[in-house]
Amino acid sequence: MLESLPRRNINQMESLTTTTLAALELLFSGNPELWEIIAISFRVSGVAILVASPPALLVAFILAYYQFPGRRLLISINSTLLSVPAVVVGLTLFILLSRQGPLGEWKLLFTQTAMVLGQIALAFPILVAMGHSALQACDRRAWETARTLGATPIRALITIMREARFGLMAALLAAFGRIIAEVGASMMLGGNILHYTRNIPTAIALESSKGEFAQGIALGLVLLILAFTLNAFLQHFQGKGQPA
Amino acid sequence: MTTADQFNVQCLKKHFAKRQVLDEVAFSLQAGQTHLLSGDNGAGKTTLLRILAGLEKPDSIQIDLGKGPLNWRHVKKTLQHHALYLHQHPYMFDGTVTYNLDYAIGAKLTKRERQLQIDKALEWADLRQLSHAPAKTLSGGEKQRVSLARAWLKRPSILLLDEPTSNLDQESRHRTLGLLEAFKSDGTAMLLASHDPMHFPSLIDQHLRLDQGKLIRIDDQKLFEFDQTHPNFRSTA
């Protein structure tokens with residue numbers, strides 16, 4: 001990739017500083033290929049979070065507010081899913097979406113949609129687990145007060161989400177941070193196709209394997225800056241909250 | 001029968017584990033009357049109030065609406081329509097006092113009409129100077145007044161109060177009692193759970209006591225009409 005730029009083969013004599021400066025130059029020179037990769041990453045992960053959040057938070061709410069048979073089992077299964085490696089999620093979906101697989105007719109393999117599906121599968125348990133904790137920590141009187149003041153269940157649910165927004169925001173950011181940085185599922189389901197399914201983590205893997213450390217570091221810096229920005233945003237957001 | 005002025009509850013049962021907290025409780029609430037509900041810790045006062053607010057499912061309950069037996073879903077809807085429950089420690093939504101009052105106003109009103117309602121409620125509860133204060137930072141007495149102002153905006157037929165003056169200083173208690181008197185004057189039926197009847201000398205029309213799941217009528221006033229034919233009804237009068 002980035003054939004238009006001078007290739008910077010990293011050898012043992014080159015210092016980390018030089019490579020990092022080259023990475024910054026790549027990043028801030030507005031290189032279209034680099035920024036296209038970044039855009040694909042954000043688009044795929046953004047769509048995945050947008051699709052996964054509403055059902056995941058609804059499940060989190062049901063787990064936090066309702067008692068029903070199998071609730072504990074569901075929580076245990078979700079906790080187990082948290083620790084499933086991304087590459088296993090990728091492999092599972094790969095089998096399902098491959099030509100011979102049960103969903104092969106959808107012809108989704110090596111598309112951005114397949115990557116979105118993989119990232120939804122990765123984000124969902126994080127959103128459920130952290131959302132469940134956030135909603136369970138929310139004072140029960142909030143729900144009861146809303147209901148006794150005449151709020152419909154939907155309005156009361158929105159109220160609870162608002163009351164627990166700092167915890168829920170942390171869940172969203174944690175899930176987004178996880179999926180935008182994962183390489184296993186994206187590589188297997190997207191195929192790392194330039195201009196189409198090559199995102200930040202798969203590009204880092206590819207460029208590093210080619211010895212193009214500058215590009216790898218540039219994209220890694222994007223992830224670092226993203227992580228810092230998300231956390232700074234969360235801290236700022238939480239700082240505005242009042243203690244209960 | 002439950003009418004606009006009278007709300008009859010019968011066969012109210014609730015158990016937790018092996019303990020029967022409410023055992024065939026039956027009573028009536030009358031408009032404009034205040035009914036004190038006393039009992040030891042764990043006697044079931046809060047459970048009774050929460051059931052009447054539709055917040056907790058009983059084992060059984062009968063509310064005669066002249067439509068024959070109703071399932072819990074219908075009963076719950078009726079209860080939530082008529083009754084409003086105020087927690088011992090009121091919950092304030094994250095936001096200003098105005099936001100908290102606005103929450104209690106129906107969505108059908110215009111912004112101007114909503115503000116008018118909020119202004120009236122602020123005036124009614126003497127909260128005008130706190131209208132823009134974050135509700136969570138208020139004192140216990142102020143929170144209680146916000147909570148009563150929210151209830152006032154809803155105009156419930158029945159107000160269910162759980163220890164409304166506990167942990168309040170004398171000044172706050174006095175102001176809270178003043179607001180409760182106003183509810184009474186407006187014709188609201190109130191069921192007020194408290195350990196100490198002496199806190200509400202001028203307010204109470206009827207004294208009920210929960211003891212081992214049974215509802216006991218302490219005095220003999222006829223303002224509160226019980227189903228005295230019920231086998232599980234006991235009176236100390």
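**View 1. Helix 4 and helix 5 of chain B.** In this predicted model, helix 4 (residues 111–124) of chain B and helix 5 (residues 140–154) of chain B have axes that come within 9 Å and cross at roughly 130°. Helix 4 of chain B is therefore oblique to helix 5 of chain B. The crossing of helix 4 of chain B and helix 5 of chain B is right-handed. Helix 4 of chain B contributes B:Q117, B:K120, B:A121 and B:W124 to the contact, and helix 5 of chain B contributes B:L148, B:A149, B:W152 and B:L153. By class, these residues are six nonpolar, one polar and one charged.

**View 2. Helix 5 and helix 6 of chain B.** The axes of helix 5 of chain B and helix 6 (residues 170–185) of chain B cross at roughly 10° and come within 9 Å. Helix 5 of chain B is therefore roughly parallel to helix 6 of chain B. From helix 5 of chain B, the contact uses B:G141, B:Q144, B:R145, B:L148, B:A151 and B:W152; from helix 6 of chain B, it uses B:S172, B:R175, B:T176, B:L179, B:L180 and B:F183. Six nonpolar, four polar and two charged residues make up this contact.

**View 3. The interface of chain A and chain B.** Chain A supplies 21 residues to the contact and chain B supplies 23 residues. About 2,000 Å² is buried between chain A and chain B, with carbon and sulfur atoms giving 51% of that area. Three salt bridges are counted between chain A and chain B. A salt bridge joins the side chains of B:D94 and A:R165, at 2.7 Å from N to O.

How values were computed. Residues numbered from 1 in each chain as written. Chains lettered and ligands numbered in written order. Predicted model: local features only at pLDDT ≥ 70, side-chain atom pairs only at ≥ 80, totals over all residues. Heavy atoms only, no water. Axes fitted to C-alpha atoms, helices over the stretch in contact; angles between N-to-C directions. Helix = DSSP H or I, 4+ residues; strand = E, 2+ residues; numbered from the N terminus. Parallel < 35°, antiparallel > 145°, perpendicular 65-115°, else oblique. Left-handed = near helix turned anticlockwise from the far one by under 90°. Contact = heavy atoms within 4.5 Å. Nonpolar A, V, L, I, M, F, W, Y, C, P; charged D, E, K, R; others polar. Buried area = accessible area lost by both parts, 1.4 Å probe. Salt bridge = Lys/Arg side-chain N within 4 Å of Asp/Glu carboxyl O.
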